[in-house]
Amino acid sequence: MKKIDVLYQFNEKYAPYAGVSITSLLENNTGFEQIRFFVLGENLSGDSVDRLRKLIEEHKREVRFIDSSALMEAMKKWGMPPYRGSYAANLRLFLPYLLEEDIDEVLYLDADTIVQGNLEELIIAAKSVGEYALYMALDSLGMEHKYEIGLQKGEKYFNSGVILFRLSRWKQLSLSDKIVQHVKQIRANYPAPDQDLLNVVCRGEIGELPPEFNYQPVHVAFSDDSYCKIYSENDYYTKEQLQEARKAPCIYHFFRFMGEFPWDKGNRHPDGKLFDLYLKHSPWKDYEKKKVHLSMVFRVEKIMYILMPGALYLRIFKAAHKLFIQKSNKMSLKNEINPDM
């Protein structure tokens with residue numbers, strides 16, 4: 001039987017965006033006989049829970065809302081640091097505490113994703129890579145960031161927006177325990193808390209997914225030629241791999257771009273039209289976009305993006321981003337958060 005277990009983790013603010021993501025997944029994966037959704041929600045309203053449940057059950061799929069309050073209390077005792085006042089960001093690092101013993105393969109998706117393709121292709125791609133505890137795609141902007149957190153040249157830096165977990169191997173290697181030990185004994189605070197912890201603690205146990213399974217905004221906004229000329233490091237995908245992914249991305253991951261998301265009023269996000277398409281199909285079709293307040297850095301960045309040729313903008317952005325991540329890393333070591341992260 002073709003089946004898949006999918007995990008989402010979000011708070012009330014992100015419930016509409018998760019609803020859009022789930023809508024896209026349901027519409028484009030009708031071939032699965034069984035899809036089970038596991039929702040790690042933080043302070044979800046009754047209205048959000050009702051909308052999500054109705055959406056999923058109308059497609060004859062199963063959904064479970066998981067109470068994570070006990071785990072969050074345990075995380076406090078273990079010394080896991082909060083991120084922007086919440087412990088929710090790191091919940092997925094402790095899935096064995098939340099899911100039934102017989103659940104092994106779980107696909108985690110960020111709320112800011114659109115599933116445009118068949119997820120069976122992702123599972124097939126992971127199997128072709130070999131046996132790992134988790135499978136992730138590379139991060140399009142992580143080449144300099146990885147050095148700030150202790151990775152070396154030749155090591156790859158992965159994006160945590162899409163993760164296929166193999167929990168049997170995760171438990172066999174005691175990776176949740178190793179994460180707690182790392183936080184207690186080595187380093188607790190990182191600029192990108194869960195993503196950095198996964199890259200550092202699980203190095204060697206991450207199978208590499210092709211870029212089409214976490215297709216990031218920079219590749220939508222700029223040509224593969226421009227990107228590969230400016231980001232010429234060899235610890236990322238080749239131009240040929242990016243060109244192949246461009247033909248039919250399976251999962252779009254629309255994290256913040258110039259300070260904006262596709263759900264912001266007046267945004268210039270490269271995934272804006274795709275988000276709007278599934279927003280109209282979702283239970284949040286009544287969602288009203290609001291203007292976001294941009295910092296001076298992002299306002300200048302947006303003007304440059306509008307006025308400059310793409311390749312020139314990307315070259316300037318790369319230099320500015322290097323300074324940005326250095327600042328963010330220094331702030332995280334002081335238990336501070338860069339507000340532009």
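This is a predicted model: local features need pLDDT of at least 70, side-chain atom pairs count only at pLDDT 80 or more; totals for chains, interfaces and linings use all residues.
**Exercise 1.** Work out what kind of aromatic pair Phe222 and Tyr305 form.

*Solution.* Begin with the distance: the two rings are 6.1 Å centre to centre, and rings pair if their centres lie within 6.5 Å. Next, take the planes, which have 85° between them. Planes over 60 degrees apart count as edge-to-face, so the pair of Phe222 and Tyr305 is edge-to-face. Phe222 belongs to the loop between helix H9 (217-221) and helix H10 (224-230), while Tyr305 is in helix H13 (residues 296-307), so the pair ties together parts that are 83 residues apart in sequence.

**Exercise 2.** Classify the pair of Tyr227 and Tyr236, and decide whether each ring residue is buried or exposed.

*Solution.* These rings are 5.5 Å centre to centre, with 50° between the planes, and the pair is tilted. Now turn to accessibility, where buried means under 20% relative accessible area. Tyr227 has 1%, so Tyr227 is buried. Tyr236 has 8%, so Tyr236 counts as buried too.

**Exercise 3.** Find which residues are linked by ring pairs into a cluster.

*Solution.* Follow the ring pairs through Tyr14, Tyr17, Phe254, Phe261, Trp263, Phe275 and Tyr287: they make up the cluster. For the overall tally, the model has 24 aromatic pairs.

**Exercise 4.** Describe how helix H7 (residues 175-185) and helix H8 (residues 193-201) pack.

*Solution.* Two packed helices are described by the angle between their axes and the distance between the axes. For H7 and H8 the angle is about 105° and the axes are 10 Å apart. Angles of 65 to 115 degrees count as roughly perpendicular, and H7 and H8 are therefore roughly perpendicular to each other. Then look at the contact: H7 brings Lys178, Ile179, His182 and Val183, and H8 brings Leu197, Val200 and Val201. Sorted by class, the contact has five nonpolar residues, one polar and one charged.

**Exercise 5.** Locate Asn43 and Lys60, and say whether each is buried or exposed.

*Solution.* Asn43 lies in the loop between strand E2 (34-42) and helix H2 (46-58). With a relative accessible area of 67%, Asn43 is exposed. Move on to Lys60, where phi is near 60°, again a positive value in a residue other than glycine. Lys60 sits in the loop between H2 and strand E3 (62-65), and its relative accessible area of 74% makes Lys60 exposed.

Methods
Residues are numbered from 1 along each chain as its sequence is written. Side-chain values use heavy atoms; hydrogens and water are left out. Rings of Phe, Tyr and Trp (its six-membered ring) pair if their centres lie within 6.5 Å; planes under 30 degrees apart count as stacked, over 60 as edge-to-face and the rest as tilted. Helices (H or I, at least four residues) and strands (E, at least two) are DSSP runs, numbered from the N terminus. Buried means under 20% relative accessible area, exposed over 50%, partly exposed in between (1.4 Å probe, protein chains only). Axes are lines fitted to C-alpha atoms, for helices over the stretch in contact, and angles run from 0 to 180 degrees between N-to-C directions. Angles under 35 degrees count as roughly parallel, over 145 as roughly antiparallel, 65 to 115 as roughly perpendicular and the rest as oblique. Contact means heavy atoms within 4.5 Å. Ala, Val, Leu, Ile, Met, Phe, Trp, Tyr, Cys and Pro count as nonpolar, Asp, Glu, Lys and Arg as charged, and the others, Gly among them, as polar.
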